[in-house]
Amino acid sequence: MAAEPLNVEHIKPYAEEGEKRPQVEQMFDNIAPTYDRLNHTLSFGIDRCWRRKAVRRLAQHHPQRILDIATGTGDFALLCAHEIKPQAIVGADISEGMMQQGREKTARAGLSDVIRFQAEDCTRLSFPDANFDAVTCAFGVRNFQELETALSEMRRVLRPGGHALILELSAPPRFPMKQLFWLYSHMLMPTLGALLSHDRRAYSYLTHSIEAFPQAEKMELILRQAGFSQVEWKRLTFGICTLFIASA
C-alpha cells in the first residue's frame, strides 16, 4: 500500500524534530539577502506575472486596508500599493531579516507612509476582529505551522464582505508539465538554490512543501472550513501556481 502523503505542516526545512515555525524563521533570515534574486531566477521571472494577475484580481474590490501575511521582502505589498493605492498596508512576517529587506525597498519607493512592517505569528495575529478589507498571502501559506488556524485568523481579521487572496506554488496535475516540473523541482531548483543562497536545505524544503501543499479543490474545502464563502481558484501557467480568492 502506498504511503500517505505528508501534511504540509509536517514539512520542515532543517530537522524532523521540533516545531516548524522557528525553522522557517531561521531559513528566511538565512536567505533574505538573496531571496528576491532567487525568486526571479528560479521562476524565470514568471513570479512577477503571477503577482500582477493576483493584484489585478484583488483591485476589483478596491480594498483600503490590506494585511499582507508572510510578506517577506514586501514585493506583493509594494505592488498592491502601486496598483490599488490603498490607505494602508501592513506587511506581517516572522522573519526580521526578510522584513528589513522590505523596509529598505519600501523606503526607496517612497511608500513608507503607506506600508509598515510588523512581526506577527500568523496563528495568533495581534489585530482586532474585522480590521482589514483584504488579507493577502503570496507564496507563504506552505510555511504555516498550523494551516487551518492561520486561515481562521485571516478570516477573523477581515471585515464582513472582505476578501482573502492566496497565491501559492503548486504541483501541475497533468502530463507533460507534471513530469517536467518534477524534474525541475527535484534537480535544478535545489542546485540553483544552493549555489545562489548557500542553503541547499532551504530549496529542498521548497520542493517538498510544494508537493505536500493541499491542491485546488482540497484547499478550497479547507478555506470553507475556516469560515470563508464563495471560494474561487484558478491554476496559472499549467498549474505551477494557483490563485485562491475567498469572501469573508
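Predicted model: local features only at pLDDT ≥ 70, side-chain atom pairs only at ≥ 80, totals over all residues.

Visitor: Where do I start? How many helices and strands are in the protein chain?

Guide: Begin with the secondary structure. The protein chain has nine helices and seven strands.

Visitor: What radius of gyration does the protein chain have, and what would a compact globule have?

Guide: Compare the two values. A compact globule of 248 residues would have a radius near 18 Å, and the protein chain has 17 Å, so the two agree. Along the principal axes, the C-alpha atoms fill a box of roughly 50 × 40 × 35 Å.

Visitor: What share of the contacts joins residues 24 or more positions apart?

Guide: Among contacts with a separation of 6 or more, that share is 70%. Burial is another thing to read. Of the 248 residues, 54% count as buried.

Visitor: Now a single residue. Is Q225 buried or exposed?

Guide: Look at the relative accessible area; over 50% means exposed. Q225 has 55%, so Q225 is exposed. Q225 lies in helix α9, residues 216–225.

Visitor: How many salt bridges does a search of the whole structure find?

Guide: The search finds 13. Take D133 and R159, whose closest N and O atoms are 2.6 Å apart. D133 is in strand β4 (residues 132–138) and R159 in strand β5 (residues 158–169), so the pair ties together parts 26 residues apart in sequence. D133 counts as buried at 16% relative accessibility, while R159 counts as partly exposed at 31%.

Visitor: Where do R156 and E153 lie?

Guide: Both are in helix α6 (residues 147–156), three residues apart, about one turn of the helix. E153 is buried at 13%, and R156 is partly exposed at 25%.

Visitor: Which residues are linked in a network of salt bridges?

Guide: R21, E25, D121 and R124 are linked in this way. For another pair, see R103 and E96, which meet at 3.4 Å, N to O. R103 is partly exposed at 27%. E96 is partly exposed at 41%.

Conventions: Residues numbered from 1 in each chain as written. Heavy atoms only, no water. Helix = DSSP H or I, 4+ residues; strand = E, 2+ residues; numbered from the N terminus. Rg over C-alpha atoms; globule rule 2.2 N^0.38 Å. Buried < 20%, exposed > 50% of the residue type's maximum accessible area, 1.4 Å probe, protein only. Contact = heavy atoms within 4.5 Å. Salt bridge = Lys/Arg side-chain N within 4 Å of Asp/Glu carboxyl O.
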